[in-house]
Amino acid sequence: MQDIHTEIVHVDFSHPESAIIERAAKMIREGDVVVFPTETVYGLGANALQPSAVERIFAAKGRPFSDPLIVHIAEEQTLEQLTTSISASARKLAEVFWPGPLTMILPRSPLVPLLVTAGLETVAVRMPRHPVALALIRAAGTPIAAPSANRFMHVSPTTAQHVYADLHGRVPLILDSGSCEVGVESTVLDMCAPVPTILRPGGVSIEALRRVLPNVQLAVPKHAAHTESGTDDETQYASPGQMLTHYAPAVPLLLFDGPVAAMRSAMLAEAKRRSAQGERVGVLIADEDVPTFQESGAVVHSLGDATNPQQVATSLFASLRLLENAGVQVILCRNFDAAGLGLAIRDRLLKAAGGHVYECS
Ligand code: TXA
Ligand code: MG
């Protein structure tokens with residue numbers, strides 16, 4: 001891929017400057033790609049209805065065509081163009097959770113290129129709530145297909161600087177509105193399955209979804225099927241985005257789970273053992289664990305208050321990048337409770353760990 005100049009342009013979060021939005025929208029209309037902020041992570045967008053534009057997304061990311069994209073919309077009416085049928089349940093969820101971090105898998109209309117859906121007869125649709133994303137989609141006058149704006153297999157970007165590190169020379173324009181509020185990607189909910197099934201936990205919790213649709217279930221990701229014991233509301237379900245190596249950190253991540261005290265002492269012992277061997281160790285913990293690791297010899301970084309999953313989610317991807325850039329050779333990371341956003345945090349950590357968990361007791 002030829003090196004192109006990458007420009008970062010700051011955009012006001014709540015009152016996006018119309019000249020900047022119009023310039024970016026024109027690029028989308030003309031078939032180019034633009035990186036824009038959403039409330040979850042930054043997205044790499046192109047006109048969803050134009051296959052040659054969508055191709056540029058895959059080229060810039062180095063993403064295989066077998067991984068389908070989410071189509072972003074700004075008005076609910078656009079759904080009529082993108083899908084062939086919208087169930088009462090889907091309408092209800094849209095009413096409650098849009099705009100917001102919920103992606104619904106719906107039957108694809110012929111208007112949506114198969115390149116977007118990786119040949120599937122379903123399409124993923126979401127209405128983001130970030131004012132810049134909404135303004136861009138509206139000004140472009142077309143739905144925008146966008147994956148997370150990282151290089152394929154790397155951690156999703158939550159700042160424009162993360163995007164620049166991964167994609168400079170490969171995208172012309174990055175709209176910068178600072179850090180993303182949610183910090184983990186949207187919840188992907190399959191509304192074409194026999195019962196609504198979460199393919200990827202994310203910014204909308206399963207508890208919140210069940211308050212609207214009590215039968216929502218959680219798919220067991222293929223990579224997790226052997227490491228976590230199933231509960232009765234989990235079923236085996238194949239989904240394209242749930243690859244074991246979804247995110248391969250530049251350095252290996254070892255994930256520790258179990259009661260907090262046991263987790264801490266196992267991590268501390270491992271950090272000391274490796275440091276003694278001359279290894280540069282990174283430790284990813286919560287505020288409450290910090291005193292334990294003061295003399296561990298490791299590069300210690302806290303994800304925030306363990307009882308506040310929103311805070312941990314917001315800092316998760318930035319913290320992984322921070323430790324990568326600190327030049328550590330291994331990251332030891334603690335796990336978090338599954339309640340609320342915790343389910344998404346656990347999912348991303350499990351992926352980062354390549355599916356392996358150290359159960360501490
Ligand atoms: O928060 C987000 O969802 C961000 C922002 C930019 O909106 N986007 C994002 O896109 O995370 P991406 O491409 O990194 O992840 C999209 C996920 C993948 O796991 C993909 O496999 C799944 O959605 N997906 C897309 N279309 C699908 C379909 N038709 N059926 C099943 N899964 C689908
Ligand atoms: Mg992604």
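Visitor: Which glycine just after H7 takes a positive phi?

Guide: Glycine 169 does, with a phi of about 85°. Helices (H or I, at least four residues) and strands (E, at least two) are DSSP runs, numbered from the N terminus. The model is predicted: local features need pLDDT of at least 70, side-chain atom pairs count only at pLDDT 80 or more, and totals for chains, interfaces and linings use all residues. Residues are numbered from 1 along each chain as its sequence is written, chains are lettered from A and ligands numbered from 1 in the order in which they are written, and side-chain values use heavy atoms, without hydrogens and water.

Visitor: Why do the buried residues of H7 line one face of the helix?

Guide: An α-helix has 3.6 residues a turn, so residues three or four places apart point the same way. In H7 (residues 160–167), Ala160, His162, Val163, Asp166 and Leu167 are buried, that is, under 20% relative accessible area, where over 50% is exposed and in between is partly exposed (1.4 Å probe, protein chains only). Viewed down the axis of H7, these residues fall within an arc of 155°, so they line one face; the arc is that of the directions from the helix axis to the C-beta atoms. Their cover includes strands S1 (7–10), S2 (34–36), S3 (43–47) and S8 (173–176), together with helices H2 (51–61) and H10 (309–325).

Visitor: At what angle do the axes of H1 and H6 cross?

Guide: Two packed helices are described by the angle between their axes and the distance between the axes. The axes of H1 (residues 18–29) and H6 (residues 131–140) come within 8 Å and cross at roughly 55°, which means H1 is oblique to H6. The contact joins Ile21, Glu22, Ala24, Ala25, Ile28 and Arg29 of H1 to Val132, Ala135, Leu136, Ala139 and Ala140 of H6. These residues divide into nine nonpolar, no polar and two charged. Ala, Val, Leu, Ile, Met, Phe, Trp, Tyr, Cys and Pro count as nonpolar, Asp, Glu, Lys and Arg as charged, and the others, Gly among them, as polar. Axes are lines fitted to C-alpha atoms, for helices over the stretch in contact, with angles from 0 to 180 degrees between N-to-C directions. Under 35 degrees is roughly parallel, over 145 roughly antiparallel, 65 to 115 roughly perpendicular, and the rest oblique.

Visitor: How are H10 and H11 oriented to each other?

Guide: H10 packs against H11 (residues 342–352) at about 30°, with the axes 9 Å apart, and the two are therefore roughly parallel. Pro309, Val312, Ala313, Leu316 and Phe317 of H10 meet Gly342, Ile345, Arg348 and Leu349 of H11. This contact divides into seven nonpolar, one polar and one charged residue.

Visitor: How many residues of H11 are buried?

Guide: Eleven of its eleven residues are buried, so H11 is mostly covered. Charged residues are listed there too, including Arg346, Asp347 and Lys351.

How values were computed
Contact means heavy atoms within 4.5 Å.
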